Amino acid sequence: MLTGAIKRIDHVAIVVRSLDDALAFYRDTLGIVPSRIIRFPREGVKIAFLPLGDPNGSEIELLEPDGSDTGVARFLEKRGGGLHHICLEVPDIEQALADLRASGAMLLDEAPRPTAEGRGLFLHPKGAQGVLVELVQRAESADAAGQPKSAPTGE
Ligand code: CO
């Protein structure tokens, strides 16, 4: 069992064919203003971050494949887009990894990976009631400053 309390839903990630088309709904219909749009080559995606509420509120992330041979591109091809994963924020990703290993959880990562938000790891949907679940420890600068979170773009 995780010994560090899960802090909140960090983000919900949705795969879309086109960020522009998706923003016609999320921005123009729902009125959620994107804080930034980045390329994240490590995962082969372009990401639009849609923050909800205060600066430390949860986010919706729209993921558009940036290249054809990526996990997100295959997801889009197979499922036509839609909910990709939910991400929960934890205070200590190394501790979370150790706890999950001890619990025999079905992990997709051997070690925390760099993500657009900080460091994260994924749990297999087969061990998580059919949903891809990510855990993330936010980069410390983001929490400390209370600013929109900066992230490496890999560019
Ligand atoms: Co994520």
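Analyst: On the face of helix 1 turned away from its buried side lie the exposed residues Asp20 and Asp21. This description rests on a predicted model. Helix 1 spans residues 19-26, and its buried residues are Leu19, Ala22, Leu23 and Tyr26. Viewed down the helix axis, these buried residues fall within an arc of 100°, so they line one face of helix 1. The cover over them includes strand 1 (8-15), strand 2 (36-40), strand 3 (45-51) and strand 4 (59-65). At the start of the helix, a side-chain oxygen of Ser18 comes to within 3.3 Å of the backbone nitrogen of Asp20.

Ile60 belongs to strand 4. Ile60 counts as buried because its relative accessible area is 15%, under the 20% cut-off. Among the residues that Ile60 touches is Tyr26, one of the buried residues of helix 1. Other contacts of Ile60 include Val12, Ile14, Ile32, Ala48, Phe49, Leu50 and Leu52.

His11 (NE2), His85 (NE2) and Glu134 (OE) coordinate the cobalt ion at 2.0 to 2.1 Å. Along the chain, the donors follow the spacing H-x73-H-x48-E. Within this set, His85 in strand 5 (residues 82-89) and Glu134 in strand 8 (residues 133-138) link distant parts of the chain, 49 residues apart. His85 and Glu134 are both buried.

Technical notes:
Residues numbered from 1 in each chain as written. Predicted model: local features only at pLDDT ≥ 70, side-chain atom pairs only at ≥ 80, totals over all residues. Heavy atoms only, no water. Buried < 20%, exposed > 50% of the residue type's maximum accessible area, 1.4 Å probe, protein only. Helix = DSSP H or I, 4+ residues; strand = E, 2+ residues; numbered from the N terminus. Arc of directions from axis to C-beta. Contact = heavy atoms within 4.5 Å. Polar contact = N/O pair within 3.5 Å; in protein donor to acceptor, adjacent residues only side chain to side chain. Donors = N, O, S within 2.8 Å, 3.2 Å for Na, K, Ca; no water. Lists of a residue's contacts leave out its neighbours within four places in sequence.
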